[in-house]
Amino acid sequence: MTDYKNILDQLRNGELQSVVIKKEEFLQFREHLIKDEQFKNFRGEAKQGGDVVYTFSENSRA
């Protein structure tokens, strides 16, 4: 099982610039993402085929 909380922490700390979440993993990843206290600082960009590239920004979205 993938440690999604660790991936979110690595994005937040700058250890990872971005992470690609495969279409098949999206719902599992999202469960952890929406529980994160800085949820609004993560940005997901959907790619053709259903994969999503997530990044972290110091500025939260509205």
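**Entry 1: the model.** I'm working from a predicted model, so I keep that in mind throughout.

**Entry 2: the sheet.** In what order do the strands stand in the sheet? I looked it up and found β1-β3-β2, an open sheet of 3 strands with antiparallel pairing. β1 (19-21) and β2 (42-46) are at the edges with a single partner strand each, so one side of each has no neighbour in the sheet. From one strand to the next, the twist averages 30 degrees.

**Entry 3: the strand pairs.** I went through the pairs one by one. β1 and β3 (residues 52-56) run antiparallel and are joined by 3 bridges. I picked out V20 there, and its bridge partner in β3 is V53. For β2 and β3, also antiparallel, I noted 5 bridges. F42 stands opposite F56 of β3. I then followed the chain from β2 into β3: the two make a hairpin, with 5 residues between them. G49 sits in that turn and has a positive phi of about 100 degrees.

**Entry 4: the helices.** Which strands does helix α1 lie across? My note says β1, β2 and β3, with α1 (residues 4-13) running at about 50 degrees to β3. Helix α2 (residues 26-35) packs on the sheet too, and it touches β1, β2 and β3. The direction of α2 makes about 20 degrees with that of β3.

Entry 5: A reminder to myself: in soluble globular proteins, nonpolar side chains tend to be buried together. Here, the largest nonpolar core has 12 residues, among them Y4, L8, I21, F29, L33 and Y54. Which elements give two or more residues to it? I got α1, β1, α2 and β3. The biggest giver is α1, with 4 residues.

**Entry 6: F56 up close.** F56 belongs to that core, and so does F42. I wanted to know what F56 touches, leaving aside its neighbours within four places in sequence. The contacts are L11, R12, Q38, N41 and F42. L11 is another member of the core.

**Entry 7: G14.** I ended at G14, which has its place in the loop between α1 and β1. Why does G14 count as partly exposed? Its relative accessibility is 41%, and partly exposed covers what lies between under 20% (buried) and over 50% (exposed). I also checked G14 against F56: they are 42 residues apart along the chain, while their C-alpha atoms are separated by 8.2 Å.

Terms used: Residues are numbered from 1 along each chain as its sequence is written. This is a predicted model: local features need pLDDT of at least 70, side-chain atom pairs count only at pLDDT 80 or more; totals for chains, interfaces and linings use all residues. Side-chain values use heavy atoms; hydrogens and water are left out. Two strands pair if DSSP finds at least two bridges between them. Axes are lines fitted to C-alpha atoms, for helices over the stretch in contact, and angles run from 0 to 180 degrees between N-to-C directions. Contact means heavy atoms within 4.5 Å. A nonpolar core is a set of buried Ala, Val, Leu, Ile, Met, Phe, Trp, Tyr and Cys residues joined through side-chain atoms within 4.5 Å. Buried means under 20% relative accessible area, exposed over 50%, partly exposed in between (1.4 Å probe, protein chains only).
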